[in-house]
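Take a look at the protein below. This report walks through a few of its features, one at a time.

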Amino acid sequence: MSVGGTPGPGVTIGVLALQGDVREHLAALSGAGAHAVRVRTPEELDAVDGLVLPGGESTTMEKLLRAFGLREPLVERIDAGMPVYGSCAGMILLADEILNGAPGQRTLGGLPITVRRNAFGRQVDSFECDLAMPALEGDGPVRAVFVRAPWVEEVGPDVEVLARVPEGNGVASDRVVAVRRGDLLATSFHPEITGDHRVHAYFTRVVRERVNA
């Protein structure tokens, strides 16, 4: 079965539970067939096969990672090949480079992309649109919700573009909003709040194939 299909049981996927839509990601992962757990400590991180970095405020999340002793263990797991999916602020955390970042802002890195923080504007400028994502199985587009979201300005070698904003959406038109490189996946939008679990099913399959490799 290709990546993106209905995943089988047997993988444990954590959701970083420091900020953001933790419950929604847990529900989406469970709906996609994964064993979903919260991650707040290095010990809990050690117990998972993959991790979701949810939305939130990227500078605050990075500070919380350091405060909870998770930053270095997480960087080590990413470097060792653990699958990670970052949505919105999670995309920023996975990016190697940030534009419009806060002074001194750091990322975890791993994805050779350059993202523009808060590219879609303030929260009142948030919007929704339908995205074509051929990598996912199932009919129809993905309804994407962007909340003070980043977009990808540049992609590095071996980065697969999974989705762009369609034409007719002003300055956001044709912007890259979903990418994958190896076992790292990132979206600018929040699939956890729409009830469509296909992005989470796609990531769960990535994790399962990594575990079974």
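## A chain of charges

With which residue does Arg-71 form a salt bridge, the closest N and O atoms being 2.7 Å apart? The partner is Glu-62. Keep in mind that this is a predicted model. Arg-71 and Glu-62 are both buried.

Arg-71 also forms a salt bridge with Glu-72. Here the closest N and O atoms are 3.4 Å apart. The relative accessibility of Arg-71 is 8%, so Arg-71 counts as buried. Glu-72 has a relative accessible area of 44%, so Glu-72 is partly exposed. Through shared partners, salt bridges join Glu-62, Arg-66, Arg-71 and Glu-72 into one network.

## A bridge across the chain

How many salt bridges does the structure hold? The count is eleven. One of the salt bridges is between Glu-57 and Arg-117. Their closest N and O atoms are 2.9 Å apart.

This pair links distant parts of the chain, 60 residues apart. Glu-57 lies in the loop between strand S3 (50-53) and helix H3 (58-67). Arg-117 lies in the loop between strand S6 (111-116) and strand S7 (127-131). Glu-57 is buried, and Arg-117 is buried too.

## The annotated active site

An unreviewed UniProt entry carries the annotation "active site" for Cys-88, His-190 and Glu-192. These residues span 105 residues in sequence, yet no two of their C-alpha atoms are more than 11.1 Å apart, so they gather at one spot. Among them, Cys-88 and His-190 belong to the lining of the largest pocket.

Where does Cys-88 sit? Its place is the loop between strand S4 (84-87) and helix H5 (89-94). Is Cys-88 buried or exposed? Its relative accessibility is 4%, so Cys-88 counts as buried. Setting aside residues up to four places away in sequence, Cys-88 touches Gly-55, Val-147, Arg-148, Ala-149, Pro-150, Thr-187, Ser-188, Phe-189 and His-190.

His-190 is in the loop between strand S12 (184-187) and helix H6 (198-211). At 7% relative accessibility, His-190 counts as buried, because buried means under 20%. Not counting residues up to four places away in sequence, His-190 touches Asp-21, Gly-55, Cys-88, Val-145 and Val-147. Gly-55 is in the contact list of Cys-88 and in the list of His-190.

## Nonpolar cores

In soluble globular proteins, nonpolar side chains tend to be buried together. The largest nonpolar core here has 36 residues. Which of its residues touch the most other members? They are Ile-13, Phe-120, Leu-131, Met-133, Phe-146, Val-177 and Phe-189.

H6 gives the most, with five residues.

Take Met-133 as an example. Leaving aside neighbours within four places in sequence, Met-133 is in contact with Val-142, Leu-162, Ala-163, Ala-178, Phe-189 and Val-199. A second, separate core has 32 residues. Val-48, Leu-74, Ile-78 and Val-115 are among them.

Notes: Residues are numbered from 1 along each chain as its sequence is written. This is a predicted model: local features need pLDDT of at least 70, side-chain atom pairs count only at pLDDT 80 or more; totals for chains, interfaces and linings use all residues. Side-chain values use heavy atoms; hydrogens and water are left out. UniProt positions are given in the numbering used here, feature names are shortened, and annotations may be inferred rather than shown by experiment. On a 1 Å grid over the protein atoms alone, a cavity is a set of points where a 1.4 Å probe fits but cannot get out, and a pocket is an open set with protein on both sides within 12 Å along at least five of seven lines; lining residues have an atom within 4 Å of a point. Helices (H or I, at least four residues) and strands (E, at least two) are DSSP runs, numbered from the N terminus. Buried means under 20% relative accessible area, exposed over 50%, partly exposed in between (1.4 Å probe, protein chains only). Contact means heavy atoms within 4.5 Å. A salt bridge is a side-chain nitrogen of Lys or Arg within 4 Å of a carboxyl oxygen of Asp or Glu. A nonpolar core is a set of buried Ala, Val, Leu, Ile, Met, Phe, Trp, Tyr and Cys residues joined through side-chain atoms within 4.5 Å.
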